[in-house]
Amino acid sequence: MPLLRFDPSGSINSDFGITEDQIAGLSDTLGNLRTEMVETDQQQYESGQIPENKQPLDARFFWLPEEQLAAYQSDRAESELGRIFQVANGMHNEIDAVVVLGIGGSYMGARAMMEACCDPYHNELTRAARGSKPRMYFEGNNVDNDASSALWHRLKAGGSGPTEAEQRFAIVVISKSGGTMETAVAFRQCLAALEESLGDQAASQLGRFVIPVTGAQGKLHDLASAIGCQQVFSVPEGVGGRFSVLSSVGLMPAAMLGLDCMKLLEGAVAMNEHFRTASYEDNVVLQYVAVNHLLAKYRDKSIRVMSVWSKALESVGLWYDQLLAESNGKEGLGVTPLTTVNTRDLHSRHQQHQQGRNDKVFNNVIVENYRTDPLPVGHSERNQDELNDLSDRTLPEIMAAAIKGTNDALHEDGRPTTDILLPGIDTHVLGQLFQMLMIATVIEGRLLGINPYGQPGVEQYKRNMNKNLGRT
Ligand code: PA5
């Protein structure tokens, strides 16, 4: 399977970017940070000897893909992955929809995978066209009355066919802490809707159709026991929410959709191997960190735009926004991430990006091979739109022209770009990309002197919200 590539040439420029010498100058520092991540973190985590300034050390996401594949090889039935497959595959024939309840890192990865890898109209397809895979909805990520009401009604309406399966849904509820207000409230409401829909069967079936993914203890864990959930999946110790996409948090929903979880993990393993062994000059993770860090440091690029050139990747961009913002937005430091989807957003944001404040770097995410056959513009007898000269040109050709045209235009106005080149969009490539960006975020945080793990700043709003609700 080919590895994704990184091309920083649109940022190597003595007028508006950075220089090869500056990149080379970071080689030793980044090499040391790589060693810290590859060797020291795991030793410290496993021995429990974690220095004060590295608390919390949620570094396990790094070796988790290998760990999970090895556990599955040695015990197919009882490993976490084996249990995920049993539940997901055993349920397809019995349900038509799944509601994934979670917020932040507890749902954004699953949503990104669904949007990247499933048919964009997945939920609108017939059950047969979906291969009996369930429709999937995401809630518990807000307390929006209308959104919640609409979803509970939608679930009640069921699928389009007459079978029992088409009237049934399951809940995957994900919360590491088990106490997040938005998710807990949605779970209470959705559980009531599920119980009602199961009617007489509720007593025997509720515990099968509720699938919790949570920490080893906490309110959700207790609730799962009270409900009698047959399978409870874990958010592994040492894995933070926004670093959990390749644990049960992302894998359970992905397996429900029939996505290839093995390939997802294998893609992440391939990226780990590349990160560990590739030279500094060829290392996509270290080069990505170096270029973006130097642009922030020497060119004041405080806004990092991830420009995705595929609609399917919008939620991957939003997942990265959350990862970077919550990890490195600390102590008055860290850049501001922003996702744009092109060419769509060339008509909504580009004027500012081209000529507004020059405080941005544009990291393009470019898909080299689309899944479907290239669509030509087509010839027409009604040429009032004057497109016949392009009749043989395809959408990928127009996209390529737009990408080059946009990069060239940005450079003319002194704006740096880089390209992350994806060989295609599939689970292997997504596994690579997730792992690349998670590793890069940790390395970058440490380069800034920040602990990328933990999110102390989010606690204050939670305390205030509870106080405003009359809780002490
Ligand atoms: O990245 C994080 O840690 C957060 O976004 C959490 O995932 C989010 O706050 C949800 O937390 P929990 O899974 O405990 O409900």
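Reader: Hi! Which residue does Arg 242 form a salt bridge with?
Author: Hello! In this predicted model, Arg 242 pairs with Glu 326, and their closest N and O atoms are 3.7 Å apart.

Reader: Cutoffs always make me curious. What limit does a salt bridge have to meet here?
Author: The nitrogen and the carboxyl oxygen have to be within 4 Å. The Arg 242 and Glu 326 pair, at 3.7 Å, is counted as a salt bridge.

Reader: Thanks! How is the chain divided into domains?
Author: There are two pieces to domain 1, 5–48 and 264–454, while domain 2 covers 61–259. Taken over C-alpha atoms, the centres of domain 1 and domain 2 are 30 Å apart. Domain 1 puts 39 residues into the contact and domain 2 puts in 27.

Reader: And how much area is buried between domain 1 and domain 2?
Author: About 2,800 Å², with carbon and sulfur atoms giving 71% of that.

Reader: What about the polar side of things: how many salt bridges and polar contacts cross that interface?
Author: The rule finds 2 salt bridges across the interface of domain 1 and domain 2. It also finds 13 residue pairs in polar contact there.

Reader: Nice. Which helices supply the side of domain 1 that touches domain 2?
Author: Helices H2 (27–47), H11 (261–277), H13 (314–328) and H16 (427–447) each supply at least two residues of that side. Sorted by class, the side of domain 1 touching domain 2 has 22 nonpolar residues, 9 polar and 8 charged.

Reader: What distances do you have from Thr 180 and Gln 322 to oxygen atoms of the ligand?
Author: For Thr 180, an N or O atom in the side chain is 2.5 Å from a ligand oxygen. For Gln 322, a polar side-chain atom lies 2.7 Å from an oxygen atom of the ligand.

Reader: Last topic, then. How many salt bridges does the structure hold?
Author: The structure holds 24. One of them joins Arg 127 and Asp 96, with the closest N and O atoms 2.8 Å apart.

Reader: Where do Arg 127 and Asp 96 lie?
Author: Arg 127 is in the loop between helix H5 (108–117) and strand S3 (135–139), and Asp 96 is in the loop between helix H4 (80–91) and strand S2 (97–101), so their pairing ties together parts 31 residues apart in sequence.

Terms used:
Residues numbered from 1 in each chain as written. Predicted model: local features only at pLDDT ≥ 70, side-chain atom pairs only at ≥ 80, totals over all residues. Heavy atoms only, no water. Domains from an automatic or database assignment. Contact = heavy atoms within 4.5 Å. Buried area = accessible area lost by both parts, 1.4 Å probe. Salt bridge = Lys/Arg side-chain N within 4 Å of Asp/Glu carboxyl O. Polar contact = N/O pair within 3.5 Å; in protein donor to acceptor, adjacent residues only side chain to side chain. Helix = DSSP H or I, 4+ residues; strand = E, 2+ residues; numbered from the N terminus. Nonpolar A, V, L, I, M, F, W, Y, C, P; charged D, E, K, R; others polar.
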